[in-house]
There are 4 protein chains.
Amino acid sequence: MFNLLGGITVMSLRVAVIGAGYWGPNLVRNFRGSASWELVAVCDLDEARARKVVGDARVDVETDLDVLLARTDIDAVAIATPAGTHRRIAMAALEAGKHVLVEKPLASSQVEAEAMVAEARTRGLVLMCDHTYCYTPVVQRIREIVRSGELGDILFIDSVRINLGLIQPDVDVFWDLAPHDLSILDAILPGGLAPEGVAAHGADPIRAGRACVGYLTMPLPGGAIAHVHVNWLSPTKIRNMVIGGSRRTLVWDDLNPQQRLSVYDRGVDLDLTSMTDDLAERRSASISYRLGDMYAPSLPEGEALGAMVTEFAAAITERRAPLTDGKSGLRVLRVLEAATASLGDGGRMIDVVSRELEVLA
Amino acid sequence: MFNLLGGITVMSLRVAVIGAGYWGPNLVRNFRGSASWELVAVCDLDEARARKVVGDARVDVETDLDVLLARTDIDAVAIATPAGTHRRIAMAALEAGKHVLVEKPLASSQVEAEAMVAEARTRGLVLMCDHTYCYTPVVQRIREIVRSGELGDILFIDSVRINLGLIQPDVDVFWDLAPHDLSILDAILPGGLAPEGVAAHGADPIRAGRACVGYLTMPLPGGAIAHVHVNWLSPTKIRNMVIGGSRRTLVWDDLNPQQRLSVYDRGVDLDLTSMTDDLAERRSASISYRLGDMYAPSLPEGEALGAMVTEFAAAITERRAPLTDGKSGLRVLRVLEAATASLGDGGRMIDVVSRELEVLA
Amino acid sequence: MFNLLGGITVMSLRVAVIGAGYWGPNLVRNFRGSASWELVAVCDLDEARARKVVGDARVDVETDLDVLLARTDIDAVAIATPAGTHRRIAMAALEAGKHVLVEKPLASSQVEAEAMVAEARTRGLVLMCDHTYCYTPVVQRIREIVRSGELGDILFIDSVRINLGLIQPDVDVFWDLAPHDLSILDAILPGGLAPEGVAAHGADPIRAGRACVGYLTMPLPGGAIAHVHVNWLSPTKIRNMVIGGSRRTLVWDDLNPQQRLSVYDRGVDLDLTSMTDDLAERRSASISYRLGDMYAPSLPEGEALGAMVTEFAAAITERRAPLTDGKSGLRVLRVLEAATASLGDGGRMIDVVSRELEVLA
Amino acid sequence: MFNLLGGITVMSLRVAVIGAGYWGPNLVRNFRGSASWELVAVCDLDEARARKVVGDARVDVETDLDVLLARTDIDAVAIATPAGTHRRIAMAALEAGKHVLVEKPLASSQVEAEAMVAEARTRGLVLMCDHTYCYTPVVQRIREIVRSGELGDILFIDSVRINLGLIQPDVDVFWDLAPHDLSILDAILPGGLAPEGVAAHGADPIRAGRACVGYLTMPLPGGAIAHVHVNWLSPTKIRNMVIGGSRRTLVWDDLNPQQRLSVYDRGVDLDLTSMTDDLAERRSASISYRLGDMYAPSLPEGEALGAMVTEFAAAITERRAPLTDGKSGLRVLRVLEAATASLGDGGRMIDVVSRELEVLA
């Protein structure tokens, strides 16, 4: 519970990981490798599975959630169970006074997520969603660049995430792939992901029973637009995001490790001083182009999951919201639910600015 | 009027170019360089402009359209005037018994275009639309590949055409850039471009008075989908089309002259024999992946405009429709009009399979 | 010593790893993960270091080489100690009747390596050099393609391996990087790497005390040429090999995981039938170009080190030479020594076809 | 002879182009399009060929060189005849008091070139070599960057120019392709291209009668090295130059129009203060790496040949040497001759710092 860090003794937080399946072992490894955390227990209904994850480490194995949550030597839990169980386990943990980290998606519906967010706020506990991608060095750097104002106003964001993907038995391509793009947008955009609407178009050309190709269109405040293309059927892999700003434009090509990020000092300038309110008078004469240099910032190495557990600890210690807090998870869910609604209604634009957000603000 | 070709005398067709502005000189150059054509006259209201285009060639200059069309030594005319004048000039030419080539767009509305198509059919004359891009070696090859069945059924087509573009004073980004993508789709798809609907989403984040970023979604028969992204505001230029098929997938990267075309023998296979009608039983177990080789066909050199005027002559001589006939131009206009309608109605999916098409079939 | 593999019992070979430093743990992991091997012991002068590598596995720790080699339950040893000790340890192991795998370089000189090769041959034991790169799926595939004759005669091979590299305290850039290229050439070329000469040019522009930029030129029999560029000072990483053949040309770009290998059906054809012996009459008229398709084979996944230990076992069981046998290690050393000699003699071309090779053939 | 430029009258220089073959028409077009020049005559033994190049322009056609050179209304001549005739025509023109521009190579031997350079100097006339590539925007920018000291000391230059090339009937791949690289090096390097030696290695694997694959190695003063790879047999085209400096490294990829130039703030630092004279003590400890940003400067559009004729006029008017003066052409020839000598002597390093250069300095 005490670590010696740089000569001074600091108290580390004590955490239990719930769920020893697909993602749990990654959490276990990162909590164990973190100076901010002491891993106290791993909890799974299947004791053998939990034991295997623990290995020869001095970490308890628990099989009863109530017993785990009743322990007083645990500050926080990390939930890596199926999405359908997130709400129940997280609520129980919050009621037991534990800080909570939840695997994405935060819950299986917006309503569930709102209850979780409200509960954590009431109790003054940290509720965090593990949007791992947001903790990669490249997204951290994009966030800095966007928030510094270097790009100017955001004009458009176009994100493409396509590859030959495993067709999921239970979710469509939106719920499988878009959470990555949406959580990144949420982390990057000042104020988080708050589109004015969501329109979704999908296709299931192989008759898999769910959309395998999907397009999300999200008008943003101020006339900007965000668009996401997710696709399980493409043999060429593309992981690309273009963030067009009024001053500069950023291009992120995640499959080019030698030049992942490029910032272009090029763009379109509109001379607003020479314009009148009459749209007809807005002539091309008042538009000019900048064709300046490009720079590609160097990025540090670093594992995203390690940065994520560090942020969890920091949020608890500093009594502040983490970067990817419960509301972030909620905003992502809100867009996904709107996408599903739009998909069921012929691609109609669904309004997402709703009463509940105000309540939670 | 007679050319000596390979030892045998062939009769060449006689053509006049109407309009000596931006595009006319390109047509003049290509008709003059073609063994199939004899350029007889250039017609423009501005005699000096016409003379300049003619240069020292033995080609007449006309300034009166009626005089030009009354000449009996002209088989065909090529119209390179502003879009708003296309219908009037083309109708007059058809009524004068001339075959007609029209710059894109075919007309300024679907209704106008339908009248032109009907008139040409009634008179048994060739009406062709200059969709130049369709005559590039790469599009010709893509057309062959798609039509040979090599790709299997088309599952999805995703086209991206973005760069720092000149904001047009009179048209939005859809009407400026998408005609290229749409005419290519029309040339490639068996049966031409016949989407079940069109949904358009646009943004004008620089307040230019018209959409500068645009997304077109077009469900195709059989569950497939086509999508087009056009954008004037991106400092990085992308000209990309992915055609995903049930057997193979084709990727066209027009900015990579060393590997413009790649055909991947990779994809997703669905074992239909093991499937029942019950969607719930369509398990991922019945889906498998192929990770085969890729090949990049070599492409011949060749100027598109030269191939286009050759096709115009061949269609007249062989009494058949050219590749990009009037109906092709009409189908492109139909989608563009539907896009405008969708844009004005919040992105609603607009039905485009209409009565008129049946009439024209 | 017995493994159950697919229902049948097979005897696995017993191996000890000597040296628990930088590379030893990788060997330990792969021998333990192999169905062909049983790891019996790890030997290191530093017992604690050996114990750490062994972990909780049931593997003996030895600190005395003589004791290790005296054990009768060991079929083979893998030597991962500093290069200067390879000869002594390998000779002792061979004399003790063990098959031997040696980390690259095989020895610190050609003379040492020849003694080792001769000893292994006399005793009928397998002597193998761990040229790991030769066991990657991409090199295995290149080897198949070259040996199948698909490329025709080899005309030239150009290999580039440059990046910002750690300047080594004891070796120059040739000895640090070129062994990779040379061992790959040796695995690929029919008959192995047998250049007619070696010329080396180097530069030490940062005054590091040894060549940091190096070029190796190696005329091959039949008029072909191989060339290697190694460089520690380049901030852009390039790992590239072009193998030009009379029928096809292969390009390997190791930093492009999406298209690592490309085979071009393009090249220069010389019409030999129309040629006379008179060089002056060899006109360009008899030369033509093929501009055919390219294909990019798909490559399986697979860890090179795993394939390497499997090959070691197979060579022992099948009583044959392994792909990267002692003579392969010797040929690589021969070129490196010639490079050093050339470097010391102003880049003079050093003859490498020597008597000893005949003896060892 | 007088042009009105921006409101002020400037006198343009009068030029004649000698040679109406392959390159002559390009010169004619650019002299005619230049505000600095008035094209007075085109001279060719074949009058019809000269007339065709002149077209309907008011330019004299001459067929007798003596008559042409006797004219007093000509300030300068541009020689675009076969290399073997350069010396004779240039000497006659200089003796007639004309400034001279010569197509590359300047002459067919170093000795000829030296005579030409000496003659021009004696007469105070401009002698310029048309190294067109040096006037491209990208090379101009590279020259600025290198000369500004931004890269620090040059450590190495590696140039690759390979593609499927036309095998020339009279010259090998060095004389065909390397002049481009060498003239660029000459323009870029402060003091011009002055290697300490030249070693050339070539191969003729298709028995074309001359080297089709070539490598040039050139030690530079101060321990740096330049290397050029030219190759006619590669189906993949590469045009690449890396200029490694002590502070920054520049990478030029001429086939990537979207990012032709990249400047990396990465490299190897050697802490010289902690070093002793004892080479053995130069430890890797004193070496560190910088992994900074990269930037890609935007480049203006511009035709190289236009910039070249402008430079010719400016040099005459300002009575100074042009960027690619006769001595530049001489230095390129000197390296090419050394390469031929090295090729004939088994790749021996040929000394090129000779007496003559001092004389001409």
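**How the copies meet**

Hi everyone, let me start with the contact surface: 98% of the interface residues of chain A are also interface residues in chain B, so the copies meet through the same surface. Here, residues are in contact if their C-beta atoms, placed from the backbone, lie within 7 Å.

A quick word on the source: this is a predicted model, where local features need pLDDT of at least 70, side-chain atom pairs count only at pLDDT 80 or more, and totals for chains, interfaces and linings use all residues. Residues are numbered from 1 along each chain as its sequence is written, while chains are lettered from A and ligands numbered from 1 in the order in which they are written.

Now, chains A and B. On chain A, 48 residues are in contact with 47 residues of chain B. Several strands (DSSP E runs of at least two residues, numbered from the N terminus) each supply at least two residues to this side of chain A, including β9 (154-164), β12 (225-231) and β16 (287-296). Which strand gives the most? That is β13(A), with 6 residues.

On to symmetry. A rotation of 180 degrees with 0.0 Å of shift along its axis superposes chain A on chain B, at RMSD 0.1 Å (least squares on C-alpha atoms of residues with pLDDT of at least 70 in both copies). The two copies are thus related as by a two-fold rotation axis. In chain A, Arg348(A) comes closest to that axis, with its C-alpha at 2.9 Å.

Notes
Two residues are in contact if their C-beta atoms, placed from the backbone, lie within 7 Å. Helices (H or I, at least four residues) and strands (E, at least two) are DSSP runs, numbered from the N terminus.
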